Amino acid sequence: MQKNLTNLILAGALAGVIGGGAVLVGQEIYQNYQVTHSPVRTKATTTKTMTSKNTATNAYNKVANSVVSVINFKKSGNTYNESSEGSGFVYKKAEGSAFIVTNNHVIDGADKLQVITNDNKTVTAELVGKDSLTDLAVLKITDSSTISTASFGDSAKISVGQQVLAIGSPLGSQYASSVTEGIISATKRLVQADDDSGQNYGGSTVIQTDAAINPGNSGGPLINLAGQVVGINSMKLSSSSNGTAVEGIGFAIPSDQVVDIVNKLVKDGKVTRPALGIQMINLSQVPVNEQQSTLKIPNTVNGGVVLYKVNSGSPADKAGLKKYDVIVGIDGKTVANQADLREQLYTHKVGDKTTLTYYRGTEKKTVTLKLNQTLQS
């Protein structure tokens, strides 16, 4: 039985690395990332949700002038050639500059970046900072009175069935400021994503929507009918694992995550995260009979993450955690899967202490450990 569990975990072990440079970069299935931005004075902030009297047209008009096309140029010899196009939006102005949030994969590898504003002006953009784990990047351009800023809404308050709009440049700038309408299909959907080498780094919690998202929409805002950005359109499910065509399944990075990351990027140019030093898979991936025979946990435990490996000398190792321990809580909050653990872990800073609750067999334990630093993006 233990061999079966080991084989299962080997197949999914890299899905749960905490302490590595994880990347949310789309593969064949996950194609189109999209972002949203907010108007801020010195930092990205959220604003209170407005009443439901707003129409789609009014919502679009509040945001449209902040949305831009982002063009990635790569150098070949003495010339710059357009490599790809995506979307973005201005979320704040400060000190003569307009700050734009987009997806990291939109600007990845660029030798030069340009932005086309809503009034069709082309300007050079400077990279402020990027974060591969969340697939977010911040650019800045010279401020202009013709550019507006978009406001972030509170993604924690969105609900299934709520109407949303996706704005961006599908298929490139010739379709700039295109808008599609849909609903929120799920407020917290755990999706898998690979890096450029095909290595899987586990789940990310995103908003699911059926608003049409196409190549080029990456980095554009997902807005509510109050005209507030609640997510950044980031990827699209175009086919299932067995090749079945899929429609109406798109994903956006929640605005509350975006606000936190872009503020760190503007301040430091990068995001430094704490690490536990473990590799893991979701308990739900382990067959019930293996949960009983190998993990030997109580049958009342129906969620958590299973440790596949504990890195030598890591915070987890120093705290006494071992292979096959099942983490079910962090800082008093329930851990149902990897996304829950990461979400709470990344609210901490390097050097902070965190408390983990876990099962070792039938015994429930609690331990406090000091976090060290993971790789930077």
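Predicted model: local features only at pLDDT ≥ 70, side-chain atom pairs only at ≥ 80, totals over all residues.
Stepping back, six strands close into a barrel, in the order β2-β3-β4-β7-β6-β5 and with antiparallel pairing. From one strand to the next, the twist averages 40 degrees. Angles run from 0 to 180 degrees between N-to-C directions, with axes fitted as lines to C-alpha atoms, for helices over the stretch in contact.

Strand β5 (residues 112-116) is largely enclosed by the rest of the structure, because four of its five residues are buried (under 20% relative accessible area, 1.4 Å probe, protein chains only). Five bridges pair β5 with β2 (residues 67-76) in the antiparallel sense, and F73 stands opposite K112 of β5. Four bridges join β5 to β6 (residues 122-131), again antiparallel, with V115 partnered by V123 in β6. The hairpin of β5 and β6 has five residues between the strands, and there N120 takes a positive phi near 70 degrees.

Helix α4 (residues 255-268) lies across β3 (79-94), β4, β6 and β7, at about 55 degrees to β7; contact means heavy atoms within 4.5 Å.

Residues are numbered from 1 along each chain as its sequence is written. Local features need pLDDT of at least 70, side-chain atom pairs count only at pLDDT 80 or more, totals for chains, interfaces and linings use all residues, and side-chain values use heavy atoms, with hydrogens and water left out.

Methods:
Buried < 20%, exposed > 50% of the residue type's maximum accessible area, 1.4 Å probe, protein only. Helix = DSSP H or I, 4+ residues; strand = E, 2+ residues; numbered from the N terminus. Pairing = 2+ DSSP bridges.
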